[in-house]
Amino acid sequence: MRQTNFHTHTSRCHHAYGEDEEMVRAAIQNGFEVLGISDHTCWKYDSDFVAHMRMKLDEFADYKDSVLYLKDRYKKQIEIRFGLEAEYFPKYMDWLLEFCIENEIDYLIFGNHYYGTDEDHIYLGGAKGEYIKGYFDTCVEGMKTGMYAYLAHPELILRDTGGFITPEIEEGFHRICKTSQDYNVPLEFNVLGMQHNMRMGYEEYPHTKFWQIAAQYNVKAILGMDAHRIGDLDQKLYNLALEKLSKFDVEIIDDVPSIDYKKIKAEKIKVWQK
């Protein structure tokens, strides 16, 4: 199996550190054969909202130029893919689809961080009350669009909860895995989350219970470093994550296909609400 990673951020998201080229060099030094750069996508909001955990729309051109430059410069040493990490925001999905087509995005990672849009300030990590169901509804609806290469950190709802899984959350994990199986959307074993677990001394995400549930379905799993700094691309972390994931009876993959966003538009595969 090749050592690959499709989940890499840049300083443009305002919570990652290091230069783009430093990340690429770190990936090469640590044995990665493919590096997908997938920073938190910008959105064209209807409001004057300014997000502080993703790149701004006027930063995207520099992001694109940088990734494509590094892709060409290091093509003999590593394959670089041009991606983004995006939520499922129903009101903006038509815009996102056109944006992916216009900019020839290779793939989107589905990072389900906010409910509705981040304009509403409803963060889904550690969601409570009605937003527990909202988290899982959004995961399922987004996965069905066909726009995402895989679902990142599917257990994000356990963040800052101590990893306690209620019957409602367990049922939601089954919903995610059933949708993953039915729509062939891989699930990510998140290595940044694994580092978080190691620091805390207990599991939040990734979580053993989730992957035990995943093993009950015909799903595919992929390692995602979720790199926010050079040290997150450490080969030792990759190998440890692979060892942990290999304990579960799931198919582990090392690649994701490029998404044909023109085809999605042509076939009108849109399940988001107008």
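Predicted model: local features only at pLDDT ≥ 70, side-chain atom pairs only at ≥ 80, totals over all residues.
Residues are numbered from 1 along each chain as its sequence is written, and side-chain values use heavy atoms, with hydrogens and water left out. Helices (H or I, at least four residues) and strands (E, at least two) are DSSP runs, numbered from the N terminus.

Helix α1 spans residues 20-29, and its buried residues are Asp20, Met23, Val24, Ala26 and Ala27. Viewed down the helix axis, these residues lie within an arc of 160° and therefore line one face of α1; the arc is that of the directions from the axis to the C-beta atoms. Buried denotes under 20% relative accessible area, exposed over 50%, and partly exposed in between (1.4 Å probe, protein chains only). After α1 comes Gly31, with a positive phi near 85°.

The axes of α1 and α2 come within 10 Å and cross at roughly 35°, where axes are lines fitted to C-alpha atoms, for helices over the stretch in contact, and angles run from 0 to 180 degrees between N-to-C directions. The crossing is right-handed, the near helix being turned clockwise from the far one by less than a right angle. On the α1 side the contact (heavy atoms within 4.5 Å) involves Asp20, Glu21, Val24 and Arg25, and on the α2 side Ser66, Leu70 and Arg73.

Asn5 belongs to strand β1 (residues 4-5) and is buried, its relative accessible area being 0%. Its side chain reaches the backbone nitrogen of Met225 at 2.8 Å. Beyond neighbours within four places in sequence, the contacts of Asn5 include Phe32, Val34, Leu223 and Leu233.

Ser47 is located in the loop between β2 and α2. With a relative accessible area of 36%, Ser47 is partly exposed. Residues up to four places away in sequence aside, Ser47 touches Tyr92 and Glu119. The side chains of Ser47 and Glu119 are joined by a polar contact of 2.5 Å, a term for a pair of N or O atoms within 3.5 Å; within protein, one must be able to donate a hydrogen and the other to accept it, and residues adjacent in sequence count only if both atoms are side-chain atoms. Ser47 and Glu119 are 72 residues apart along the chain, and their C-alpha atoms are separated by 8.1 Å. A polar atom of the Ser47 side chain also lies 3.2 Å from the backbone nitrogen of Phe49.
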